[in-house]
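Colleague: Can you take me through this one? I'd like to ask about a few spots as we go.

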Amino acid sequence: MKTNFATIPHETMPVIRLESIRKTYQMGPTDVEALIGIDMTIENGELVAIMGPSGSGKSTLLNILGCLDVPTSGLFELAGRNVSLLSQSELSLERGRRIGFVFQSFELLGRRTALENVELPLIYHGHSRSDRRRRAALALDRVGLSGRAHHMPNQLSGGQRQRVAIARALVHQPSLILADEPTGNLDTSTGLEILDLFDELNSEGQTIVIVTHEPEVAERCRRVIKIRDGRIISDQPVSKYNLKGNSTDIFPICHNNIIHGLENGAKSIK
Amino acid sequence: MSLLSRPAANIENAVTQLISHATRSGLTILGIVIAVASTIIMVSAVGGFTDYVSDFFQTFGTNALWVWPEKPSDDAPSQGRIVMNEADVKAVTDGVPSLRYVSPLIRRQSQSIQHESRQLTGWIEATDSQYLTIRDFKIMTGRAFSPIDIERGHHVCLLGADIVRRMGVGEEIVGNSIQIEGRKFRVIGLLSPKGAFMGVTQDDVIHIPFRLGLKLYPSMKEAVVITGQANSDHVINEAKSQIVRLLRRRHGIGPDREDDFRIASQDEVLATFKKISLGATVTLAGVVGISLLVGGIGIMNVMLVSVTERTREIGLRKALGARRRDILGQFLTEAVLLSLMGGMIGTLIGWGCCQIASRHPKMVPVNVPWWAIALGFGVSAATGVLFGMIPAVKAALLNPIDALRHE
């Protein structure tokens with residue numbers, strides 16, 4: 001993997017390149033096709049939303065992007081390296097190096113301080129204790145929580161917890177941050193703060209992929225990829241991503257909620 | 001990288017985990033604590049007892065052996081009379097070069113020992129001057145038999161510590177007379193006490209010259225015991241076989257007949273006892289092994305619960321880059337740390353109990369041998385690895401996607 005790095009300059013390489021990715025699950029006697037030929041490239045520095053209703057294959061795609069699962073067929077290059085054929089332990093190392101996860105329910109360890117939680121990914125990279133401390137403190141500072149380093153998760157608000165989780169995703173300087181419904185457990189204004197943070201990180205060059213079914217979250221990204229029934233049905237840049245703040249957001253949120261409601265309604269009829 | 005990577009981080013993590021579930025951890029290790037504590041106590045008690053008994057056997061005399069007449073077990077009809085006499089002693093003295101000292105011994109219980117108005121019973125040992133050396137008796141006051149006392153059959157005697165005590169006299173008895181079987185004997189010395197073992201004392205004894213023993217107990221003339229001391233512990237067996245050959249020839253025993261005498265040596269008695277004590281230790285170890293097994297199952301149980309409880313944590317750690325071996329190491333470290341803690345507490349309790357027991361005046365000194373402590377730790381660590389393995393493997397094999405979805 002070092003050789004790849006030496007020959008191809010990091011900046012010019014797409015962070016993610018998927019070519020005809022298929023994923024088939026065995027469900028008893030029948031095969032269920034979760035992904036049917038996904039082609040997609042995400043360049044360095046992008047802020048992408050992946051949208052789709054439940055059952056669309058969105059989660060499967062997320063698992064493959066996060067190196068938690070391998071495709072049945074197709075090519076997946078993560079930062080220039082073909083990871084479709086890696087072993088379990090190589091996949092672990094790969095996600096430990098390249099991916100920063102942000103989850104809907106934060107997934108912080110309850111009996112660890114914020115700082116210790118942020119340190120966690122570094123443990124699996126053989127960083128020394130003092131090095132871990134230093135980097136974790138920097139990451140916490142980056143998300144504006146340096147004052148809460150020694151708080152336990154239950155002493156933090158939901159938004160603060162998600163910030164800690166983002167710091168944890170940042171701490172090892174991954175090629176990609178994968179956020180799975182990062183605002184799903186947060187109220188609207190806190191959710192917006194988190195999206196602002198993603199925005200900021202992205203403007204500093206961090207590649208971020210947000211998986212969501214909330215259109216108002218997708219609106220904040222530069223590019224939206226919509227998935228349905230295991231296929232990409234649209235892949236478009238967002239024109240008004242730079243809408244920030246308060247009153248102007250009301251309209252798109254209402255508007256999108258209506259669309260979202262219609263989508264859900266259509267699904268339940270189906 | 002080794003199988004169990006990042007030990008420092010694992011230990012730190014395990015300590016945090018165990019402290020945060022202090023009650024559960026405590027209850028979990030209880031089995032191990034009890035098992036290890038009882039190992040230490042049992043091993044030390046058996047050890048202390050063994051040392052005590054060994055010390056007692058040592059007082060019989062180093063490299064000492066005894067030969068006494070005894071009917072063979074099958075009691076063949078044409079065996080003839082069973083005899084051991086002074087001539088046999090003389091033959092052994094001259095014909096067994098690997099013996100340094102040889103003494104004849106007549107041992108009888110006397111009902112009639114008298115000092116002033118006091119009448120008592122005690123063991124009379126009629127022997128010669130080398131017997132003290134063979135049996136490792138020391139003279140506390142006065143002097144031992146001289147060769148002339150033996151040769152001329154002087155009416156002199158040495159008193160054992162118990163006899164002196166029961167007579168209610170002190171050192172002033174030396175030089176005075178006592179009466180044995182109606183004969184007057186002058187006390188020329190007092191023997192140092194050798195101590196008692198389980199109520200059997202070696203100090204309830206009066207030594208008199210061999211020749212006088214023959215006079216007091218003429219029937220013992222052909223039931224003389226030969227006592228001797230080998231040159232070194234290497235030649236004890238050689239001495240024994242030399243004695244057997246010599247006596248069989250002298251007693252005219254054919255090759256198809258059994259000996260009409262028995263030989264016992266101090267080292268043989270000691271070896272037999274040590275075998276018994278080893279047997280006891282092994283049996284106890286078996287019992288303790290079962291309790292360790294139970295303790296280990298307890299640890300496995302709690303670790304399995306812990307793995308289930310922390311499924312999401314495992315999923316998260318895997319998502320953050322932990323490999324299977326990292327998760328394995330994490331849970332194995334926890335299990336081993338748990339059982340080592342149990343081992344440590346058990347050792348402390350066992351050691352403490354031994355210290356307290358040793359303070360009791362009627363208890364033999366109980367010292368905890370270093371290997372018992374090493375064993376306690378080693379076995380508890382092994383228990384942790386053994387019983388921690390199943391939960392740890394279970395954790396390591398969890399699929400991160402399913403684990404993260406676990407409720």
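Colleague: Which residue in E11(B) is the bridge partner of B:Val102?
Modeller: B:Gly228 is the bridge partner of B:Val102. This is a predicted model, by the way.

Colleague: What joins E11(B) to strand E1 of chain B?
Modeller: Four bridges, and E1(B), residues 64–69, runs antiparallel to E11(B). One pair to look at is B:Trp66, which stands opposite B:Thr227.

Colleague: Is E11(B) mostly covered or mostly open?
Modeller: Mostly covered. The strand spans residues 225–230, and five of its six residues are buried.

Colleague: Switching to chain A. In what order do the strands of the four-stranded open sheet come?
Modeller: E2-E1-E4-E5, with antiparallel pairing. Strands E2 (30–42) and E5 (81–82) of chain A stand at the edges with a single partner strand each, so one side of each has no neighbour in the sheet.

Colleague: And how many bridges are there between E1 and E4 of chain A?
Modeller: Five, again antiparallel, between E1(A) at residues 16–27 and E4(A) at residues 73–78. As an example, A:Ile16 has A:Leu78 in E4(A) as its bridge partner.

Colleague: What holds paired strands together, in general?
Modeller: Backbone hydrogen bonds, in either a parallel or an antiparallel arrangement.

Colleague: On to the contact between the chains. How many residues are involved?
Modeller: 17 residues of chain B are in contact with 19 residues of chain A. On the chain B side, helices H1 (7–20), H10 (311–319), H11 (324–359) and H13 (400–405) each supply at least two residues.

Colleague: Which of them gives the most?
Modeller: H10(B), with five residues. By class, the chain B side has seven nonpolar, three polar and seven charged residues.

Colleague: Tell me about H1(B). What is its reach from first C-alpha to last?
Modeller: H1(B) has 14 residues and reaches 20 Å, close to the 20 Å expected at 1.5 Å a residue. Its buried residues are B:Ala9, B:Asn10, B:Asn13, B:Ala14 and B:Gln17.

Colleague: What do the buried residues of H1(B) pack against?
Modeller: Helix H4 of chain A, residues 114–123, together with H11 of chain B.

Colleague: Back to backbone angles. Which phi does A:Phe106 have?
Modeller: Near 65°, a positive value in a residue other than glycine. A:Phe106 is in the loop between strand E6 (99–102) and H4 of chain A.

Colleague: Buried or exposed, A:Phe106?
Modeller: Buried, because A:Phe106 has 22 C-beta neighbours inside 10 Å and the cut-off is 20 or more.

Colleague: Last one. How is chain B divided into domains?
Modeller: Domain 1 covers 7–56 + 271–405, and domain 2 covers 71–259. The C-alpha centres of these two domains of chain B lie 55 Å apart.

Note on methods:
Residues are numbered from 1 along each chain as its sequence is written. Chains are lettered from A and ligands numbered from 1 in the order in which they are written. This is a predicted model: local features need pLDDT of at least 70, side-chain atom pairs count only at pLDDT 80 or more; totals for chains, interfaces and linings use all residues. Domain bounds come from an automatic or database domain assignment. Two residues are in contact if their C-beta atoms, placed from the backbone, lie within 7 Å. Ala, Val, Leu, Ile, Met, Phe, Trp, Tyr, Cys and Pro count as nonpolar, Asp, Glu, Lys and Arg as charged, and the others, Gly among them, as polar. The expected span of a helix is 1.5 Å times one less than its number of residues. A residue is buried if 20 or more other C-beta atoms lie within 10 Å of its own, exposed if 12 or fewer, and partly exposed in between; C-beta atoms are placed from the backbone. Two strands pair if DSSP finds at least two bridges between them.
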